[in-house]
Amino acid sequence: MSVRFGVFVPQGWKMDLVEIADPVEQYEAMTEVARVADAGPWDAIWLYDHFHTVPEPTLNSVFECWTATSTLARDTSRVRIGQMVGCNGYRQPSLYAKIASTVDVASHGRLIAGLGAGWYEHEWKAYGYEWKDVPQRMGEFREAVEIIHKMWTEDRPVFQGKHYSIDEPINQPRRKPDFWLGGGGEKVTLKLVAQYADGCNVGGGDPEVVRHKLGVLREHCDRLGRDYDTITKSTTIELDLEESTADTIARVERAAEAGADYVLFYIPRVAYDHAPLLRLAEELVPQFR
């Protein structure tokens with residue numbers, strides 16, 4: 001079975017830079033992980049789109065997603081750079097499309113633009129964004145995906161929706177990066193994947209959830225006439241630093257058997273120790289080529 005692999009860089013969101021005091025050195029630690037991945041067999045490096053740490057907000061660094069994406073695009077030369085995923089509520093969709101087109105040029109076409117509806121309530125409110133209920137956030141997400149697609153595929157797009165509108169914005173250079181949607185919502189998100197996306201991320205590494213969600217995605221594809229095999233099906237696995245490589249390989253095999261063809265690894269403490277990253281690159285990734 002063929003599987004591609006990505007790895008999250010330590011961005012601060014999961015309290016993964018707190019043992020480094022200087023923010024400049026924190027940023028350099030994040031960048032160095034990206035460079036190590038770039039020198040190895042990894043398909044892509046990935047970032048989260050958050051402002052506050054988890055599991056609770058603390059006074060610690062979290063580097064902004066698109067700013068970091070653009071700098072890492074210039075600090076690497078081979079790996080792709082993606083977000084898992086951008087929060088729709090933080091950027092008006094036409095601006096999101098413009099930013100992504102610019103970063104795709106800066107990266108020489110290596111961008112994977114990710115988008116989701118957003119969920120971290122405390123963060124929204126703290127930054128002054130209006131927190132909305134799920135139906136409204138999903139309604140906005142649906143319209144945003146359509147607007148972004150239009151911004152990337154039409155010269156003078158027009159859209160008038162309930163939540164957003166655009167009136168012939170010019171997006172030059174007009175670029176369409178790979179577009180991934182995050183989330184497993186069966187009525188909205190997975191249908192949008194079938195309509196517009198190049199990739200999805202479901203299941204959190206749980207094979208049964210992956211299998212079920214991808215079954216729903218296939219049904220949407222069948223109804224809409226989309227070739228299911230043209231969509232990258234990813235899931236995320238957090239590495240257990242105590243488990244053997246053989247055990248990690250088994251976890252990937254179970255995800256692949258459930259239908260995933262791409263695995264994103266989150267590696268705890270990788271800012272301080274590259275050994276697990278290098279071990280997976282040497283011992284795990286080649287097993288799925």
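Is Glu154 buried, partly exposed or exposed, and what is its relative accessible area? Please go on from there to the other salt bridges.

A: This is a predicted model. Glu154 is partly exposed. Its relative accessible area is 31%. The side chain of Glu154 forms a salt bridge with that of Lys150, at 3.3 Å from N to O. Lys150 counts as buried, because its relative accessibility of 16% falls under the 20% cut-off.

Next comes the pair of Lys213 and Glu186. Their side chains meet in a salt bridge, with 3.1 Å from N to O. Lys213 sits in helix 7, residues 207–224. Glu186 sits in the loop between strand 8 (178–182) and helix 6 (189–196). The pair therefore ties together parts that are 27 residues apart in sequence. Lys213 is buried, at 18% relative accessible area. Glu186 is partly exposed, at 32%.

Salt bridges can also share partners. Asp49, Glu64 and Arg91 are joined into one network in this way.

Glu64 pairs with Arg91, and their closest N and O atoms are 2.7 Å apart. Glu64 lies in the loop between strand 2 (44–47) and helix 2 (65–75). Arg91 lies in the loop between strand 4 (86–87) and helix 3 (93–106). So this pair ties together parts that are 27 residues apart in sequence. Glu64 is partly exposed, with a relative accessible area of 25%. Arg91 is buried, at 10%.

The count for the model comes to 16 salt bridges.

Definitions and conventions: Residues are numbered from 1 along each chain as its sequence is written. This is a predicted model: local features need pLDDT of at least 70, side-chain atom pairs count only at pLDDT 80 or more; totals for chains, interfaces and linings use all residues. Side-chain values use heavy atoms; hydrogens and water are left out. A salt bridge is a side-chain nitrogen of Lys or Arg within 4 Å of a carboxyl oxygen of Asp or Glu. Helices (H or I, at least four residues) and strands (E, at least two) are DSSP runs, numbered from the N terminus. Buried means under 20% relative accessible area, exposed over 50%, partly exposed in between (1.4 Å probe, protein chains only).
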